[in-house]
Amino acid sequence: MSTVGIVMLVHTALDRAEQVARVWVAGGCPVVIHVDKSVNKATFDRFKAGMSDLPDVLFSPRHRCEWGTWGLVAAAQEASELMLGKFPEVRHVYLASGSCLPLRPVKDLRDYLDARPKTDFIESATTADVPWTVGGLSEERFTLRFPFSWRQNRRLFDKYVEFQRKIRFRRKIPAGIVPHMGSQWWCLTRQTLSAILEDPDRAAYDRYFRKVWIPDESYFQTLARLYSQNIESRSLTLSKFDFQGKPHIFYDDHLQLLRRSDCFVARKIWPHANRLYDTFLNASDDAMKGTEPNPGKIDRIFARAVDRRTRGRPGLYMQSRFPNDTWENGVTSSAYSVFQGFTELFEDFEPWLARATGCRVHGHLFAPDRVEFEGRQTTFTGAVSDSAVLRDYSSIMFLRNLIWNTRGERQVFQFGPADNQKISWEIAKDPNAQISVITGAWAVPLFQSNRNFADLRAEAALLQKIESDHLVTLRSIYAKARIRIWTMAEFVEIPMEALQTVVDEITGKNVRRLTEAPRMVDLTGFGQFLQNLKNQGMHPYLMGDFPVDQAPVNLQPSPRKPYLVRK
Amino acid sequence: MGVWQSYRLRLQRQRLLARAWRKSRELRLIEDRSNGIRPNDILVFTTFRNEAVRLPFFFKYYRDLGVDHFIMVDNDSDDGGAEYAAEQPDVTLYSTKHSYRAARFGVDWLNHLQHKYAHEHWTLVVDPDELFVFPFCDTRPIRALTDWLDASAIRSFGAMLLDMYPKGAVDAEPYKKGQNPLEVACWFDSGNYSIQKNHLYYNLWIQGGPRARIFFKDEPNRAPALNKTPLVKWDRRYAFVSSTHMLLPRGLNLVYDEWGGEKASGILLHTKFLDTFTSKAREELERKQHYADGQEYKSYVAELENQPELWCKWSEKYINWRQLEILGLMSKGNWA
């Protein structure tokens, strides 16, 4: 007869529980089964009768086991007492549930425990040190009262907790114990378990834990600390919990993962996972001697799942992720750059920038007549249309979509006061945005155009107003983008230096000096153009102090030097 | 304000249920196999009209997912589809010749039938041209999903409509009965959707895809809604407000996370754009039985004259649910 006894707490899927119990017994472990009292009597009797051929299976008195309540502890206590009383050779008692599945041959587990006869495997940590708890009740589990069911009377439960906090109610923790918590699936030695069950103060402890919240995660975990000589604070049962504190469930497609985990027992298995049950219950007996459980890979998968649920993918807006403002944890998915005033000042800025940075350089994505995708394509990644109407219908979603669709490739686009300004705030608050502005450069196309001055004056006034509003946004204390603003006058003084800084930031620091400069438009007479606007009463101030060149008109014009590149 | 609003919505829900009951008189029971429905069975509810060519694959697809029973309303089909459905061993069939439009596009009929059959069942409301895809649907049956939703105390599950289309003209390749429509129409738009929140009903309003891109490029606000909540653990007090886009009580519409996380969601692959579409659009335009006077169909027919191609060089070819997950159209949430 074996030295390991299994206590099984069964709630549902009784057929699976029976299968598993048979495997335990076949492996030489006696089993004590506790069936939840909410299972009706006829079903229970059938279940019991189905296993009448197994002398080593006993049934303990039934309790109602609602999650988070004392019933689970009472069930475990009585089943353990029965186990220790009826099977004197048992040295380790393993607490399992009906939806646990042994992944390794039972003999493996027995050998493992035989090699560690004095060790108690029970996850047990003080509340102050672990952030496991869900819903904010960690230390308070032990100091408040919980007479209302969390499952059925959630509102009353919450209200009563709130009320106790308000009146500063605190229960007294019995002397001599320090609350610990951990997985409710443990494996204790006869010494420790019997010491807990036969403790002269047990009545006092029971009375106290009866009103603790989720006592099955703290009763044995706390009391084991009093008696155990050798606690190994981990559970032999592979059982992962999600962010709501409910166990992750294993399905057929986890087969390989479970196999490679080398864990002894996994919980919780979906009752209809036929392939898992078939594989592991009919596994051959070649024991994997001495292998330590290694659930790392499963841990990572479930940790990623919880992360997906709680933090999601930054920059993604979709049917099941629609974060409120400022709760996005990342406005967009990746870095992008916005240039304002550069295409106006340089003739071949877009192709030049594409060559210098290797990014995808678009034109004015928010231009009034169409979306100027790179190469003026009619659709772009994600089948985003170039229709201005569609874009303007939801311009912020347009931008988010574009950045999300092209993640992995940096997007660059031009912006200006003639464009749809709805995204102004969106890009300003986005830490992923790099915004470079040459203020007042919108005047250059006006200067070059052949239009009536009255029209030009009106348009210049409008553009200046729009750009100035945009600048207010960019200079707001809430703006989180990397923003650089030059007046046009400043910029033409040091164009290559400014471009180098911006390009360096895009490509990564100090890769190389720019070897090729974009061609600046001929600005001869621009100062005079601005002066003319001023003379008309429209003061263009965003360009900075642009010198009015050559006030005396009869001087020989000297051709502007092209910017030379220093190697 | 909050209380008053809730009260108004409650009244509206009660009106919807009363209306569904009134409209139930238009339904005639053709084939009743509903006594075969066991507790916990997963039910599909469908209204159809002249879909004989699609039904064989429809049944196969949903049986393979693990659906237990179909409850269907035939709206005056004359192509043998109703007879075919009536022969199926897991179908309860109703029939009506009344107006689809007057029954608020079939919603009243289905609200009534759900009230009658679906209480405490997981129910999936889909059209014959919609194929439900959920995380892990290639390795886990739909019951795995509903069990997980039950365990997580989630009552409703969102699945956005994703319009599928062929490469080339819509009617270039004929669809054969029983064929997987995705063999013909396997392309979709992966990232051009716009989303707004409805602050009264709490649902998201999603538009976009090829229909917005081609048919509604001048009036994007009229583009059809793509948000759907087709899978619900039904209660007889629930009611769909408009198609499966909105439900009451409105808490059921909260299938999205607002704190930055992702809830689990699926996709309804919408295989509307097969070769049958052209004739169907013309017919529907004449019947004027669809939403907003069949405005939608008016746009289709107008645009179809130009032989449009829905496919573009950035269209994505459908592979499986994992692809949709990576593209961010659906999510596993914390289901692993």
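B:Asn50 is buried, having 20 other C-beta atoms within 10 Å; a residue counts as buried with 20 or more other C-beta atoms within 10 Å of its own, exposed with 12 or fewer, and partly exposed in between, with C-beta atoms placed from the backbone. This is a predicted model, where local features need pLDDT of at least 70, side-chain atom pairs count only at pLDDT 80 or more, and totals for chains, interfaces and linings use all residues. Residues are numbered from 1 along each chain as its sequence is written, while chains are lettered from A and ligands numbered from 1 in the order in which they are written. Helices (H or I, at least four residues) and strands (E, at least two) are DSSP runs, numbered from the N terminus.

- B:Asn50 has a positive phi, near 50 degrees, and isn't a glycine. You'll find B:Asn50 in the loop between strand S2 (43–48) and H2 of chain B.
- A:Arg168 is another non-glycine residue with a positive phi, near 55 degrees. Its loop runs between helix H5 (154–166) and strand S8 (180–181) of chain A.
- A:Arg168 counts as exposed because it has 6 C-beta neighbours inside 10 Å.
- The peptide bond between A:Arg267 and A:Lys268 is cis, with omega about 10 degrees. A:Lys268 sits in the loop between strand S12 (265–267) and helix H10 (274–281) of chain A.
- Chain B has a cis peptide bond from B:Leu248 to B:Pro249, with omega near 0 degrees. B:Pro249 belongs to the loop between strand S14 (246–248) and S15 of chain B.

**Strands in chain B**

- S5(B) is covered on both faces: B:Trp122 and B:Leu124 are buried on one side, B:Thr123 and B:Val125 on the other.
- S2(B) and S5(B) run parallel, joined by three bridges; two strands pair if DSSP finds at least two bridges between them. B:Leu43 has B:Thr123 in S5(B) as its bridge partner.
- S5(B) also pairs with strand S12 (residues 231–233) of chain B, in the antiparallel sense and over three bridges. There, B:Thr123 has B:Val232 as its bridge partner.
- Elsewhere in chain B, three strands make an open sheet in the order S6-S15-S8, with mixed pairing. Strands S6 (130–133) and S8 (159–163) are at the edges with a single partner strand each, so one side of each is left without a neighbour in the sheet.
- The twist in that sheet averages 25 degrees from one strand to the next.
- S6(B) and strand S15 (residues 266–270) of chain B run antiparallel, with four bridges joining them. B:Glu130 is opposite B:His270 in S15(B).

**Helices in chain A**

- In helix H13 (residues 349–357) of chain A, the buried residues are A:Phe349, A:Glu350, A:Leu353 and A:Ala356. They cover an arc of only 130 degrees around the axis, which puts them on the same side of H13(A); the arc is that of the directions from the helix axis to the C-beta atoms.
- Their cover includes helix H12 (342–345), strand S14 (360–364), strand S17 (411–415) and helix H20 (495–507) of chain A.
- Helix H6 (residues 190–197) and helix H8 (residues 219–227) of chain A pack at about 110 degrees, with axes 9 Å apart. Axes are lines fitted to C-alpha atoms, for helices over the stretch in contact, and angles run from 0 to 180 degrees between N-to-C directions.
- That makes H6(A) roughly perpendicular to H8(A); angles of 65 to 115 degrees count as roughly perpendicular, under 35 as roughly parallel, over 145 as roughly antiparallel and the rest as oblique.
- A:Thr192, A:Ala195 and A:Ile196 in H6(A) meet A:Phe220, A:Leu223, A:Ala224 and A:Tyr227 in H8(A). By class, the residues of this contact are six nonpolar, one polar and no charged.

- Helix H5 (residues 142–151) of chain B has B:Ile142, B:Ala144, B:Leu145, B:Thr146 and B:Trp148 buried. These pack against helix H2 (55–65) and strand S5 (122–125) of chain B.
- The contact between the chains takes 50 residues from chain B and 49 residues from chain A; residues are in contact if their C-beta atoms, placed from the backbone, lie within 7 Å.
- H5(B) gives the most to the side of chain B that touches chain A, with five residues.

Key
Two residues are in contact if their C-beta atoms, placed from the backbone, lie within 7 Å. Ala, Val, Leu, Ile, Met, Phe, Trp, Tyr, Cys and Pro count as nonpolar, Asp, Glu, Lys and Arg as charged, and the others, Gly among them, as polar.
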